[in-house]
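Here are some notes to read alongside the model, written for someone who is new to looking at structures. Take the points one at a time, and find each residue in the viewer as you go.

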Amino acid sequence: MQLASAVDPQLADLSNKLIYSAMVVYTLAMFAHMIEWTFGSKGAVAVRSKEQSGSLGEAVAAAGKKAAKKVTVTVAAAGGGTTTLTRTAIAGEGATVVTSGRGAEEEDGPGAAGTSEKADLAGRIAVSLTVLALLLHGGGIITRGLSVSRWPWGNMYEFSCAFAFAMAAAYLVLLAARKKVRWLGLPVVLAVLLTLGIATTVLYTDSDQLVPALHSPWLAIHVSTAIFCGGAFYAAFIATLLYLGKDSFEKRVAAGLATGPLGTPASIWQRLPAASTFDKLSYRINALVFPLWTFTIIAGAIWAEAAWGKYWEWDPKETWSFITWVAYACYLHARATAGWRGRKAAYLALAAFACWLFNYYGVNIFVTGKHSYAGI
């Protein structure tokens, strides 16, 4: 019995060193991705964006002092193809009213690197560094588990490390599958660093054995699915944010404005996928993961019955897990309703993810309940 409760301090220390080393390499990968985006702004995409704005402005100016008429301009779109922009010029005022802007939402940009070879090299270096960081990260998780001979996600620190690992691993798996998602590298690495930063400061817990209630096969089943769901919900959250940004940018382009939302450079948005692509990606991820989140709640209830004798007691953790489930159910229902697609549904998706975040951080840190015995 004494052997089972022992902790290997050398492996525990090695785990900490590997996690910190991974954070250093993730930081280097973040800077490499930032260089990729910086050099990519000087590629052909940025030049093409200026040409589009100039061509559209000239056509509208020519119609400004005439009778109201529609002006249709066809320009080259980022990533190939053409973009058709239509505006209506009002007689005598030179003002314009946007009537439609087709094509921009149908074209995916070339990615963070644009057409710059230097940016592409920086992006490939960033991916290589992310792979190295993931190996160090995985080593830290494994040695943490070996130090106490159990699954390494028995508290919030360990869960956060595994959660961050799942985010980075999912991104690299998509790249390995030849999906054009390198634009996702910067937000993923930033999220991984933020998650690990909080884990190693606010949430850190020394390697130790768990209370008897956590010694169950459901630890691997319930927590593993929760980790996977969290990583997927985060990916959908990023896609939703980018959808809102790209949708705003496309409307600004149709209105003849040269910058993106909040004054961001147009070249950044030109290189990203179309708003419709982000919208579909967010919806598909949430729809795919929702049944697994349902299973996570059911598995937790089964584990609760084995540990506490009741399937459901409205513990704060259980309650907010259910609230999160309802929020995502509302989002999916809204997507099935024609009047709630687009930005309205996107706002619901953001609210649902906010519920998930509070369920993870807020409930565990600020609310006392039966799940508190695992420690922060």
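**Notes on the helices, salt bridges and loops**

1. Let's start with a pair of helices. The axes of α1 and α3 lie 7 Å apart, and the two helices pack at an angle of about 165°. That makes α1 roughly antiparallel to α3, because an angle over 145 degrees counts as roughly antiparallel. As for handedness, α1 and α3 cross in a left-handed way. If you wonder what to look for in such a pair, two packed helices are described by the angle between their axes and the distance between the axes.

2. Now step back to the whole chain. Please keep in mind that this is a predicted model. The protein has 10 helices and 3 strands. Of the 376 residues in the protein, 48% are buried.

3. Helix α8 covers residues 275-308 and helix α9 covers residues 316-335; their axes come within 10 Å and cross at roughly 150°. That makes α8 roughly antiparallel to α9. Which hand does the crossing of α8 and α9 have? α8 passes α9 in a left-handed crossing.

4. Next, the salt bridges. Side chains of opposite charge can pair when their charged atoms come close. The count here comes to 9 salt bridges, with a cut-off of 4 Å between the nitrogen and the oxygen. One of them joins Lys17 to Asp13, whose closest N and O atoms are 3.2 Å apart. Why are Lys17 and Asp13 separated by about one helical turn? They are 4 residues apart in helix α1, which runs over residues 9-40. Asp13 is partly exposed, with a relative accessibility of 37%.

5. Asp120 and Arg124 meet through their side chains in a salt bridge, 3.1 Å from N to O. Because Asp120 and Arg124 are 4 residues apart in helix α3, about one helical turn separates them. Asp120 counts as partly exposed at 29% relative accessibility, and Arg124 is partly exposed with 45%.

6. Is the salt bridge of Arg150 and Glu158 made by buried or exposed residues? The side chains of this pair meet at 2.8 Å, N to O. Arg150 has 13% relative accessibility, so it counts as buried. Glu158 is buried as well, with a relative accessible area of 1%. Both values can be set against the cut-off, because buried means under 20% relative accessible area.

7. Thr143 lies in helix α3, which spans residues 117-148, and Thr143 is buried at 10% relative accessible area. Between the C-alpha atoms of Thr143 and Leu14 there are 7.0 Å, although the two residues are 129 residues apart along the chain. Thr324 is part of helix α9, and its relative accessibility of 0% counts as buried. Thr324 and Phe358 are 34 residues apart in sequence, with their C-alpha atoms 9.3 Å apart in space.

8. Please also check two loops. Most residues other than glycine have a negative phi, and most peptide bonds are trans. Arg178 has a positive phi, near 65°. Arg178 sits in the loop between α4 (156-176) and α5 (185-201), and it is exposed at 76% relative accessibility. Trp314 also has a positive phi, near 55°. You will find Trp314 in the loop between α8 and α9, where it is exposed with a relative accessible area of 54%.

9. Finally, turn to the surface. Which residues form a nonpolar patch there? Val202, Ile365 and Phe366 do, with about 320 Å² of accessible area together. Phe366 belongs to helix α10, which covers residues 343-366. With 68% relative accessibility, Phe366 counts as exposed.

Methods:
Residues numbered from 1 in each chain as written. Predicted model: local features only at pLDDT ≥ 70, side-chain atom pairs only at ≥ 80, totals over all residues. Heavy atoms only, no water. Patch = residues over 30% accessible without salt bridge, like charges linked within 9 Å, V, L, I, M, F, W, Y side chains within 5 Å. Areas by Shrake-Rupley, 256 points an atom, 1.4 Å probe, with all protein chains shown as cover. Buried < 20%, exposed > 50% of the residue type's maximum accessible area, 1.4 Å probe, protein only. Axes fitted to C-alpha atoms, helices over the stretch in contact; angles between N-to-C directions. Parallel < 35°, antiparallel > 145°, perpendicular 65-115°, else oblique. Left-handed = near helix turned anticlockwise from the far one by under 90°.
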